[in-house]
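Let's take a walk through this model together. Keep your selection tool handy.

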Amino acid sequence: MAASALLSELSGYGELQALADELRSASMAELFAQDPQRAVDFTLRAAGLQLDFSKHLLTRPAMTQLLELVERSGLQMDVAALFDGVHINNTEDRPALHTLLRASGSHGHEEKFAQVVAARALMKQWADSLNDGSRKGYSGATITDVVNIGIGGSDLGPRLVTEALKPYHGNVSCHYVANVDPADLQDTLLDLDPESTLFVVCSKSFRTEETLTNSLAARAWLLNAGAGESDLDKHFVAVTSNLQAAADFGIPADNCLPMWDWVGGRYSVWSAIGLSCAIAVGWDSFEEFLDGAAAMDEHFRSSAPGENAPLLLSLLELWYCNFLGAGNHVVLPYDNSLRRLPDFLQQLTMESNGKRVNADGKPLSYTTGPVLWGSAGTMGQHSFHQLLHQGTQLCPADFILPLTTHTGMSGQHRRLVANCLAQSRTLMVGRSREDAHAVLLQRGLTEQEARRLAPHMAMPGNRPSTVITMASVNPGSLGALLALYEHRTFCSARLWGINPFDQWGVELGKEIGTQILARLSGEPGSGPMDPATERLMAEWRDAQA
């Protein structure tokens, strides 16, 4: 779907820049004092989540202007096009119908939805038969462990969901291998028994270098343990569209689940790519995960712009990237089970929106796709939070806070919650030099020492953050959370005028990697490299000798 006018060409863009310039030196504390309803009105609920975006350098006039920008951009038509199956991935001439994967009805896509229903039935069969112990390996041993072999979207989403929903795990343990570094597979297999291990190979083409390399090594591991070629169907399942390549590997068509070109890898955890998740938590919990995402889809599709959670998160991203000069964004889940969330969101947001031309191929003169990073709280408080509080870079933060814990350790969880709320408040209020000076005097320092050290203790404050809360990390809330960020990413992309569903930027590295591998393998005709690469290849050859 071709882009409309560039963001910077839309009416009202200049007015937003003027408002942003005024707010650079604003005090969030004063914004609260001037607007008693701010904490209430700058909070909204959607699909079991609550978003508090009151601690931002944002006023009601600025929000009104941002919402008017949305109207002028035609974004709401793009949202309709997304759900309607328009080929909104214009560079690859495809729809992007990942929302259909978690829908309860066809929504006008009868043929594709029939495929989804059939795939769900296959996933349920595998999940049920593994959890009831009826799947056996080549020796007759019950399958107890599943190893998902994939990379990118075939790894990050399933790995996150499986780890986040650990309290819902059933009888089968699921493991993940992604890196082509042999240590990744080797370390995973050390504690596993070939007789009771099943591999799920996730690759649309069945030719992804890292996935195929690891799969061949896993195949050799089984054969070396005593399995025969005819036993491979007891130990391998594939999620792929290349049935012939899977058959050549030893995986029959009956053991293959589908992938479709209308679902991008980073949007695929809801599909058969999520088979390992369904195995880990059981089919009922996996359906709840789908239902949570579907609830967020409905909210996103039907809510007015001013009450639309994904859209508001997108507008905040736009506000800081394009008007206040923030080039990065930190996500801080205050629940250890969500520690993989920043990894998942890195691919979702940066592979989607790390673009420098619009959907029509025209160069962009403004920022798109901030660098996203983060880690689980409270770990970051003892490393990078120093930069958040006193560094020179503006870095908006998302705090993700479940209000209850599955552990039963309510006292310790209370400390975690206190830390999360404290960090969000500290980013906002900071500490003036005068207050720092007074604190140092109270600690017994001399006037001279207090005056000298006060600048080092002072913190500017007015650092923005959103707090996203949920009752607990459960299948439904996790589904809603991931769908929230999917739709936020889409809204930002369309406001920037870019296509979030392709990733041409990763192709050249793959091509050059193939050329270098040929050189390292001694194959002729791969051509010369630059002097630095030639020297490093020579060092590798020397190390092998």
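Which helix gives the largest share of the lining of the second largest cavity? Select helix 6 (110-131): the largest share, 4 residues, comes from there. (Helices are DSSP runs of H or I, at least four residues, and strands are runs of E, at least two, numbered from the N terminus.)

A word on what you see: this is a predicted model, where local features need pLDDT of at least 70 and side-chain atom pairs count only at pLDDT 80 or more, while totals for chains, interfaces and linings use all residues. Residues are numbered from 1 along each chain as its sequence is written, and side-chain values use heavy atoms, leaving out hydrogens and water.

Residues to show here include W260, W270 and W283. The space holds about 50 Å³. (A cavity is a set of points on a 1 Å grid over the protein atoms alone where a 1.4 Å probe fits but cannot get out; lining residues have an atom within 4 Å of a point.)

Now move to the largest cavity, with about 90 Å³ of space. Of its 14 lining residues, select L316, E317, Y320, H329 and P396, the closest to its centre. Helix 13 (309-323), strand 8 (328-333) and strand 10 (397-402) each supply at least two lining residues, and helix 13 gives the most, with 5.

Finish at V40, in helix 3 (residues 38-41). From V40 to F53 is 9.8 Å, C-alpha to C-alpha.

Key
1 Å grid on protein atoms, 1.4 Å probe; cavity = no way out; pocket = protein on both sides within 12 Å on 5 of 7 lines; lining within 4 Å. Points joined across faces, edges and corners; volume = space filled by probe spheres on them.
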